[in-house]
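Please keep the sequence and the structure at hand while reading.

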Amino acid sequence: MQILVTGGLGFIGSHTALLLKEAGHDVVIVDNLSNSKLDVLQRIKKISNVDYKFYKADVTDEAKMKEIFARNKFDGIIHFAGLKAVSESISKPLEYYYNNVVSTLCLIKCALEYNVERFVFSSSATVYGENDSPLKEDMKLGLTTNPYGETKVINEKILRDVSVAYPHMAISLLRYFNPIGAHPSGLLGEAPNGLPNNLMPFITQVASNKIKSLKVFGNDYETVDGTGVRDYIHVMDLAKGHIKALENIKIGVNVYNLGTGKGTSVLELINAFEKINNIKIPYEIVERRKGDVAACFADATKAYKELGWKAELTIEDMVRDAWNFEKDYK
Ligand code: NAD
Ligand code: UFG
């Protein structure tokens, strides 16, 4: 299949583009480089020893996207492009709603006009709000605490409405849990612009002395050691999940959790990092971060039953690969 990968130079998109090629698909990447660098294109070419067609374009630019659809014959779309920093979304709500919603509207319009029937969307576990874990796909969605999360809820709703009006469309909503880790080559990983928002890149930047110490947001949650519990998933496993989702896509809207089903606390993640990489991570316990839930982990059985996919890599693999990327990253 020829697959359009929007946001394909970002963290998850770049790993997925690689695996799509490995699985024998043709890949066309569109990215506006708002949160990635062109250098990622060279890196994926180097790893796979093949070329990737790339357009520097904004997915909200309908005229430009139509041009790209007219020039290619896509069989499917994986839509990663989006802004994703929770705290930034609170201070810049308009940018987040515009970018994350208009990009999907543009893409769906193009898909309908150019008869592209497969559409895979990057959703998030954040749509479950404060529901109790393990989280299941058929739960009623929770209240989101920030504009970023709300854009995922809105996108899911738009895609469900599209499916009613255009029943020939095959749409997958993939709800990711907490992707971390990196490609085993060490060439590809998570390289956020500015100060990281998420725990794993924060830990690796403390390890490389870019940041002095880590702040652990709260140790008074009702969890195994009082710190927040999340379902960390290796980005390579997550990327594989996209290939399975695409190859097994069904008509209508289907929702899948992409997680491991296992929760790990902040302190457990720090300990695993220290043990595997033999580096001490200085940290201090501070106040809870607003909007955080105590625990968030998946019931990942549906993806296994319907797509034949399950996460295979461990927390040890994740912390090793994350550091392997960060330590040599320039
Ligand atoms: P990322 O920021 O690394 O990648 C997103 C890519 O999209 C970037 O390369 C950026 O330049 C590009 N982009 C953004 N807006 C664009 C636009 N309008 N036109 C073209 N390109 C655009 O993020 P990621 O971690 O790879 O996340 C990919 C998707 O998965 C996002 O939609 C994100 O919301 C979702 N998601 C991520 C996580 C996570 O923790 N990383 C969790 C759940 C869901
Ligand atoms: N944490 C710290 N210190 C930090 C950063 C995080 O203690 O410096 C803690 C948090 O309180 C939480 C855990 O580490 O308990 C994980 O936090 P992250 O910020 O790494 O991840 P979140 O679970 O808050 O959110 C992430 C993405 C969202 C996505 C969500 C669910 O940032 O976009 O996972 O998929 F929606």
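The model is a predicted one. Helix 1, formed by residues 11–22, and helix 8, formed by residues 235–247, have axes that come within 8 Å of each other and cross at roughly 60°. Helix 1 is therefore oblique to helix 8. The crossing of helix 1 with helix 8 is right-handed. From helix 1, the residues Phe11, Ile12, His15, Thr16, Leu19 and Leu20 take part in the contact. Their partners in helix 8 are Val235, Met236, Leu238, Ala239, Lys240, His242, Ile243 and Leu246.

**Backbone features in loops**

The peptide bond between Ser133 and Pro134 is cis, with an omega of about 0°. Pro134 belongs to the loop that runs between strand 5 (118–124) and helix 6 (147–165).

Leu33 is not a glycine, yet its phi is positive, at about 65°. This residue lies in the loop between strand 2 (26–31) and helix 2 (39–48). With a relative accessible area of 22%, Leu33 is partly exposed. Asn278, which is not a glycine either, has a positive phi of about 60°. The loop between helix 9 (266–277) and strand 13 (283–286) contains Asn278. Asn278 has a relative accessible area of 72% and is exposed.

**Salt bridges**

The structure contains 22 salt bridges. The table presents some of them.

| Side chains | N to O distance |
|---|---|
| Asp26 and Lys21 | 3.9 Å |
| Glu88 and Lys92 | 3.6 Å |
| Lys250 and Glu306 | 3.1 Å |

In the salt bridge between Asp26 and Lys21, Asp26 is partly exposed, at a relative accessible area of 37%. For the pair of Glu88 and Lys92, Glu88 is partly exposed at 31% relative accessibility, and Lys92 is partly exposed with a relative accessible area of 36%.

Which residues of the salt bridge at 3.1 Å meet through their side chains? They are Lys250 and Glu306. This pair links distant parts of the chain, the two residues being 56 residues apart. Lys250 lies in the loop between helix 8 and strand 11 (252–258), while Glu306 lies in helix 10 (residues 301–307). Lys250 is partly exposed, at a relative accessible area of 37%, and Glu306 counts as partly exposed at 35% relative accessibility.

Finally, a network of salt bridges links Glu62, Lys66, Lys109 and Glu113.

Key. Residues numbered from 1 in each chain as written. Chains lettered and ligands numbered in written order. Predicted model: local features only at pLDDT ≥ 70, side-chain atom pairs only at ≥ 80, totals over all residues. Heavy atoms only, no water. Axes fitted to C-alpha atoms, helices over the stretch in contact; angles between N-to-C directions. Helix = DSSP H or I, 4+ residues; strand = E, 2+ residues; numbered from the N terminus. Parallel < 35°, antiparallel > 145°, perpendicular 65-115°, else oblique. Left-handed = near helix turned anticlockwise from the far one by under 90°. Contact = heavy atoms within 4.5 Å. Buried < 20%, exposed > 50% of the residue type's maximum accessible area, 1.4 Å probe, protein only. Salt bridge = Lys/Arg side-chain N within 4 Å of Asp/Glu carboxyl O.
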